[in-house]
Amino acid sequence: MGSLVVGDIRDGAAVEACIRAHDVDAVIHFAGLIEVGRSVLEPDLFRDHNVNGVDAVLGAMGRTGLRRIVLSSTAAVYGRPEGDGLTPLVEGLPLQPINPYGETKLEAERLVAGLGAAGIEGVALRYFNAAGADPDGELGEAHHPESHLIPLAIEAALDLGPPLTVFGDDFPTPDGACVRDYVHVSDLARAHVMALDLDLGRDAFTALNLGVGRGASVLEVIGAVDQATGRRTPWALGPRRAGDPAVLIADPAVARSRLAWKPLFPDLDGIVRTAVAWRMNPKFGFAAPDGAV
């Protein structure tokens with residue numbers, strides 16, 4: 001277990017000092033802002049953290065001789081692909097983000113890719129919908145305010161939050177609701193460790209999709225939460241959100257081949273059960289209502 005150093009990734013000198021003090025030999029870059037809606041309202045803030053922060057880290061790597069960075073990226077770099085939306089997304093598709101969050105993550109990828117001639121190798125891992133919690137219940141997400149579907153559905157089911165809003169029921173999907181590819185955070189963590197040793201050959205940069213390769217609709221997520229909590233999740237129908245794609249599903253074949261990676265939590269029910277267990281753990285920070293589960 002390494003030491004915790006509290007600092008700001010935009011402070012290149014501090015990052016450099018940390019690298020030298022702790023004999024770091026590679027970087028896994030998780031730090032960034034992720035809320036799509038907030039990125040629309042505060043695009044400059046997102047560019048400062050997601051682009052300038054990566055640039056500062058890369059500068060510190062160059063000054064200290066580090067040669068490998070694994071960058072947390074996102075499916076948002078693809079934007080809204082044309083077609084029926086049912087075909088899983090592959091890494092070679094055009095990259096056309098539709099919001100500042102996706103734009104800043106794509107800019108970060110390009111910063112990393114541009115340093116190949118300087119000797120820095122990079123692997124960008126494009127998450128689809130990160131979900132779930134540590135299976136042992138020790139760690140999980142506790143955002144405030146929360147914006148992710150599964151935690152919001154759990155809060156609604158346990159009477160810890162308002163009824164869930166389902167944004168649209170007229171998409172071209174089997175039940176009319178949006179479909180997304182949910183990948184467990186433990187599987188994402190394993191992929192980052194594997195990427196540290198990925199042989200890039202003569203390439204200095206590669207990007208890999210991380211998803212299970214199939215989707216679940218918002219209504220299917222609600223059903224999984226109902227099953228995991230033993231309660232009915234209250235929800236109300238709302239209008240579509242602007243720019244919401246009907247379907248986003250990963251083709252993870254390249255990650256499976258190059259990293260020998262495959263999800264250990266491939267099923268939505270298992271992912272949701274870990275999220276519920278985390279929400280009920282006192283370490284989350286909030287007491288559960290009596291008889292909730």
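Aromatic pairs come first: the structure holds zero of them. To pair, rings of Phe, Tyr and Trp (its six-membered ring) need centres within 6.5 Å; planes under 30 degrees apart count as stacked, over 60 as edge-to-face and the rest as tilted.

A word on the source. This is a predicted model, where local features need pLDDT of at least 70 and side-chain atom pairs pLDDT 80 or more, while totals for chains, interfaces and linings use all residues. Residues are numbered from 1 along each chain as its sequence is written, and side-chain values use heavy atoms, leaving out hydrogens and water.

One ring does have a charge over it: the charged end of R240 sits 4.0 Å from the centre of the F171 ring. That label requires NZ of Lys or CZ of Arg within 6 Å of the ring centre and within 35 degrees of the ring normal.

Now the sheet. Four strands form an open sheet in the order β1-β2-β3-β8, with parallel pairing. Its edge strands, β1 (27-29) and β8 (205-210), each pair on one side only. Strands here are DSSP runs (E, at least two residues), numbered from the N terminus, and two of them pair if DSSP finds at least two bridges between them.

Take β2, residues 68-74. With β3, residues 121-127, β2 pairs over seven bridges; L71 stands opposite A124, and T74 opposite Y127. With β1, β2 has three bridges, and I28 stands opposite V70.

Is β2 buried or exposed? Seven of its seven residues are buried, so β2 is largely enclosed by the rest of the structure. Buried means under 20% relative accessible area, exposed over 50%, partly exposed in between (1.4 Å probe, protein chains only).
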